[in-house]
Amino acid sequence: MATSHLSEVIQHLRRTALLRDGAELTDGRLLEDYISRRDEAALAALVQRHGPMVWGVCHRVLRDYHAAEDAFQATFLVFVRRAASVASRELLANWLYGVAHQTALKARATAARRKARERQVTEMPEPAVAQQDFWPDLQPLLDEELSRMPDKYRSVIVLCDLEGMTRTEAARQLGCPEGTVGGWLARARAMLAKRLAQRGVALSGGALAAVLAQNVASAGVPTTVVSSTIKAATLFAAGQAAATGAIPVKVAALAEGVMKTMLLGKLKAMTAALLMVGIAMLTTTLLAWGGKQDKRNNVDNPAPTVQKLAAQAQQKDPPKDFTNSLGMKFVWIPPGNFMMGCPNGEQGKRNDETQHKVTLTKGFYMGVYAVTQEEWQQVMGKNPSRFKGEKNLPVEMVDWEDCQKFIKKLREKDKKAYRLPTEAEWEYSCRAGTTTPFHFGNTISTDQANYNGIYVYGNGKKGVDRNKTMPVGSFPANAWGLHDMHGNVYQWCQDWYGDYPNKDVVDPQGPEKGEAVSIKSVDGRTNVMHVFRGGCWAGDPFHCRSAFRGWVEGGGSGGSHYWGLRVCFFPN
C-alpha cells in the first residue's frame, strides 16, 4: 500500500513539473514521450494544452454541455488508441481538431436518432457556461467549413485562432519560420471567409479573426471534465476501463464508432490508391506496347531515353572542382536519379514530402559553401547580415528577391549563368546518394551541423545551442564535398512552393505559379511562397532533414537572420 501511494505521489509530482514546463516542449516531443513510454504526465500536458480547443468544437457542434462532455472524453480516448498513427507530429492540434469535429458530428447523429425514438419527460439542467457573443447559427457552420480546409491552413487557424497561440508559439509548434505562419494565417482566414460567404455569411477577415478570438476566450474546459478525461484515457489505453467502469458505456461506444469510421476511411483511401496504381500499370503496359510498335516504324531514328541522355552528359563531365574570379568554390554534381521526398516511417515526415522519383539529365556546379558575407559585399557593396565579426560567416538577412539581385550582378561580374538551385537539385546534392534523414545517417548532432541543440532527433543526444551562425565549412562535408547542407542558414531555392507531383518526373522546375499569389502585404505588394531548405542555427534538427521543405513569402521583406543562399550553374 505504501509503495503504491509513493508511486502515485511521484507520478503527481512528475505531472505537476511537466505541466509547469510543458510550454517548453513541443507537441511532437510530448507525443513521442507518450507513445514511447505511455507517459501519463505527457498525456495530461497535451489534454491541458489542447483541451479548450477540443471542448470548443464539441460544444459548438452539439450545443449541449453533457453531450459535449461525452464527445470531449471520446476524442481523447481515440487519441490514446491512435496516437502512433499521427503522421505529422507537429500537426497534432490539427489532428485533434479533426477527430473532435468527427466525434461531435457522430454524437449529434446518434442523439438525433435517439430523439426520434423517445421523448424526454424532463430536460437535464445544463451547467452554466460563459455566454458566447457571436451568432449561434455560425458556430456549426464555421466548423463545417474549417474541417474541409487543407491541413496546413487549418492548422494555423487551430493554433492561432482557436488555441490563442502567438505566431511565434505556433511557428515553434509547426517547426517553420514565423513569417511562414503569418502567410498561412492570412491566406487561411481569407479562404475561410470566402467559404462562409458562399454559405451566406459575409465576414471580413478582421471580423472573422474577432469571432475566432472570442471563441478562445469562451472555451474554458471544466476542471472536473479535464481530470476525469485524463483518468479515463489512461485506463482506456491500458485496457482496464471495462473492469473499472471508469468510462460511461456511451462514451466508449462513441470512441469505438469514430475509430471504426477512421479505419474505413483509411481502407477506402488505400483501395482508391491501389485502383490508381492498377490503372497506371495498365496505361504503362499499353504505352510500352505502343512504343514497341513505334520502334518498328522508326528503327533508323530511335528517340533518346533519359538514361542515354544522362550517360552522354556523364561522359562529358567537366573538371570536378571550379573556383570563379571572386574565389567562390564549386563542385561538380553529376546527373542521375533519386527518390525525392520523405519515406514513410521517417520521423518528422510532413504531408508535403511525398516521395517520387526524380531524374536530372544534366550535371551542374553547386557552391561548396553558402554565400559568405565577404562574397556578398564584393558583389553588392554592402553587408546586410546581423551576425558579423568572424571571417567567412554566411550572409543572412536576405530574402528571395535580394538573392535574385545578387545573382544578376554576379553574372555580370563573372560571366556565368549563376542561379539558385531548384528544390530537386538542392535535395539531390544534399543527399549525395544517401536515403537516410541526413547525409550523415539516421540522426544528427551539433558536432555535425549548427542547429538548436536543446532539441534531439531520433536516438540523438542534446548538444549545444550556439545561438548564432558559424563560419562556412566548420562542419563535415557530404560525399560530394558540400558543406553545411544541414543547418547554419536556411537556403533559398529557385522554385515557388507547391504540392509535389504524384508521378516520376524529369528535370522538375517546380510549379508554374506561386501558391500564395493572392496574399497582399501591408504596402500592397503581391507576395508568393518560395521554397527554402536545409535548416538553420535556431531551428529544430528535424528542419535539417534532407527532405524538409520550408516556404515563405519571397519578396520585399528584407529577409531574416535565418535565411541565406547557395548558388549553382550549368557549365557553358
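Arg-549 is buried, because its relative accessibility is 1% and the cut-off for buried is under 20%. The model in which this residue sits is a predicted one.

Side chains of opposite charge can pair when their charged atoms come close. Arg-549 pairs in this way with Glu-423, in a salt bridge whose closest N and O atoms are 2.9 Å apart. Arg-549 belongs to the loop between β8 and β9, while Glu-423 belongs to helix α17, so the bridge ties together parts 126 residues apart in sequence. Glu-423 is also buried, with a relative accessible area of 3%.

Glu-423 has another partner, Arg-533, at 3.0 Å from N to O. This pair joins helix α17 (residues 423-431) to strand β8, across 110 residues. Arg-533 counts as buried, at 0% relative accessibility. Glu-423, Arg-533 and Arg-549 are part of a network of salt bridges that also includes Asp-352, Glu-427 and Arg-431.

The structure holds 18 salt bridges. One of them links Arg-545 to Glu-353, with the closest N and O atoms 2.8 Å apart. Arg-545 is in the loop between β8 and β9 and Glu-353 in the loop between β3 and β4, so this pair ties together parts 192 residues apart in sequence. Arg-545 is buried, at 0% relative accessible area, and Glu-353 is buried at 0%.

Elsewhere, two helices pack together. Helix α7 (residues 151-162) and helix α8 (residues 167-174) meet at about 130 degrees, their axes 9 Å apart. They are therefore oblique to each other, and their crossing is right-handed. Residues making the contact include Leu-159 of α7 and Leu-174 of α8. By class, the contact has five nonpolar, two polar and no charged residues.

Technical notes: Residues numbered from 1 in each chain as written. Predicted model: local features only at pLDDT ≥ 70, side-chain atom pairs only at ≥ 80, totals over all residues. Heavy atoms only, no water. Axes fitted to C-alpha atoms, helices over the stretch in contact; angles between N-to-C directions. Helix = DSSP H or I, 4+ residues; strand = E, 2+ residues; numbered from the N terminus. Parallel < 35°, antiparallel > 145°, perpendicular 65-115°, else oblique. Left-handed = near helix turned anticlockwise from the far one by under 90°. Contact = heavy atoms within 4.5 Å. Nonpolar A, V, L, I, M, F, W, Y, C, P; charged D, E, K, R; others polar. Salt bridge = Lys/Arg side-chain N within 4 Å of Asp/Glu carboxyl O. Buried < 20%, exposed > 50% of the residue type's maximum accessible area, 1.4 Å probe, protein only.
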